[in-house]
Amino acid sequence: MALPLHATTGERIWHYTFLLICVLIFGFLIIPILIIFPLSFNAQPYFTFTPEMLALDPAGYTTKWYGEFFSSSTWQRAVRNSITIAIFSTLISTFLGTLAALGLSRKEFPYKTAIMGLLISPMVVPLIISAAGMFFFYSRLGLQGTHIGVILAHAALASPFVVITVTATLVGFDHSLTMAAASLGSSPTRTFFRITVPLITPGVISGALFAFITSFDEVVVVLFVGSVNQRTIPWAMFSGIREQISPTILAVATILIIFSIILLTMIEMLRRRNERMRGLSAA
Amino acid sequence: MPSANDILVRFENVQKSYDGEILVVKDFNLDMERGEFLTMLGPSGSGKTTCLMMLAGFEPATHGEIFLDGQPINRVPPHKRGIGMVFQNYALFPHMTVGENLSFPLEVRGMGKSEREEKVKRALDMVQLGDFANRRPGQLSGGQAQRVAVARSLVFDPEVVLMDEPLGALDKNLREQMQYEIKHIHENLEVTIMYVTHDQSEALTMSNRVAVFDDGVVQQLAPPDELYEQPTNAFVADFIGDNNRLLGTILSADGETCRVKADDGSEIIAKQINIAGVGERATLSLRPERVAVNPEPGQFDNNLQAKALELIYLGDHIRTRMEVCGHDDFIIKIPNSALHAQLSEGDNVNIGWSSNDCRALDPTD
């Protein structure tokens, strides 16, 4: 973004001011996350930088919080719970969200806007209200305090993300392709699996990623709908902060950040590879 | 050519309305012979594509029946009609290679692998893309993509192939080249093709017969030469080729010819085609190339005075706008040859034409 030769002094000043603003915003977003990294190696059980750390004294650093995380059965169970719940709620919400998006993209579908609004509502309604509602509803059904209950609750929260990403993919979908398939003798079912599904896969993958992250990060609903047996990582961190201040939380946070980055990168690479293979973007 | 009675496609009193009120297609009747190349030509919104979509099965007919090889097909779903189709935007499957695209309809029909490969190869060779089987549609140029689309619509040996403005997205030179290619494919395979376009030169180049559509009605269905030489109404005369219109009142008519008094008082003799009656208004239609400048005395039965208003140099001819009978939009084409007199703007000249070339049509304004 080089300045053009004809830029005036005012434009030059604005150009650099603009760059500065961008850097500040970027810092505002990223520093709270980066600060976690060094703090998770703090030898003292505090959330602050000790003088030894600032002096870069090796004695000020330790990896014992990581050891604690890997050896604690409570944390390990939270990891298992989080992953199980996230995977199953991702599968459910991806399946349902994709079907909903496909239905909503048909031009003869009635009350499209109203139904879309309804499907998106879990994203808009304050989480605490959804959570309280789910608590009472699931208690009646005997789902409160079960894995299935939490999985269903997370699937409901995550579906809107899938609906939105898949709908966006379908906006660019060329319906003459399904007509072409029909003219070539392909039944609607075959056309769906051979033509439509492969072409919307990148959108479905993106939606599934959002769904996974939604469930993996979620703490409010799981506190209401779940019980001790459904303790997930965010729940364990939340109670950890309130009950015993231990930098193990920072170690967990660091691991989660790295995990998220790896997950995002992998999925994005998968999505791009898929898009390239489908000939949807230039090689 | 097949016998004249071998009707493959028949539209019988077909009507189509999308909203239940306005008819986009009004009482469409058509018999299409096996092996025929029939073009539906008309401005956008005239109902031609709707007819194509009804035959393909993507739009239901509101009223009437469509027959394919003698069988009514209104209740047959598109994928069971066995009709090939070429779309304007090619509609190639982007996630499949060219070979897989062509193989798809054969797979659907449960054909074995070796047979499929052989047919795909033959179809690609037919459109001169034999080496392209492993390319993806995204790597093809527009012309190549359209050739693949044509090959795909033919690879499963359908009886009828529908083409919906297939050349609309190509540039002019490529479009002309593809016109000849499609025409030759039609001649070689003896396949029946229904073609939709709004480009009249495309329709004239390729078709056995052309159906000119306007406002949901077929205005004229005829071979290209007949359509150009003998239009039966003013819309067709205007839509096909360049046309001069002269308006006037009918003085007398004897069934063969009629005398028409133009609005400036001059009298014109014209061929009687479709007129309301003596004393009524009529539209005279005359092709620009049938008008002669400074004709020999007695050569033509119509001789008038004209004033050249504008000369446009077009290389092989000079398009001249003239004032004739009170109309200032009368066009004649003067060939760019040594024999022809040079005109300049503002010149007054004699012009003439044969009453055979001047057709008196319905009095639409």
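Into which domains is chain B divided? Chain B is made up of domain 1 (7-234) and domain 2 (244-361), with bounds that come from an automatic or database domain assignment. This is a predicted model, in which local features need pLDDT of at least 70 and side-chain atom pairs count only at pLDDT 80 or more, while totals for chains, interfaces and linings use all residues. Residues are numbered from 1 along each chain as its sequence is written, and chains are lettered from A and ligands numbered from 1 in the order in which they are written.

**Domains of chain B**
- The centres of domain 1 of chain B and domain 2 of chain B, taken over C-alpha atoms, are separated by 39 Å.
- Between these domains, 4 residues of domain 1 of chain B are in contact with 7 residues of domain 2 of chain B, contact meaning that C-beta atoms, placed from the backbone, lie within 7 Å.

**Chain B against chain A**
- In chain B, 22 residues are in contact with 19 residues of chain A.
- On the side of chain B that touches chain A, β6 (83-86) and α2 (98-108) of chain B each supply at least two residues; helices (H or I, at least four residues) and strands (E, at least two) are DSSP runs, numbered from the N terminus.

**Helices α2 and α4 of chain B**
- The axes of α2(B) and helix α4 (residues 142-154) of chain B come within 8 Å and cross at roughly 25°, where axes are lines fitted to C-alpha atoms, for helices over the stretch in contact, and angles run from 0 to 180 degrees between N-to-C directions.
- The contact is made by B:Val98, B:Asn101 and B:Leu102 of α2(B) together with B:Val148, B:Ala151 and B:Arg152 of α4(B).

Terms used. Two residues are in contact if their C-beta atoms, placed from the backbone, lie within 7 Å.
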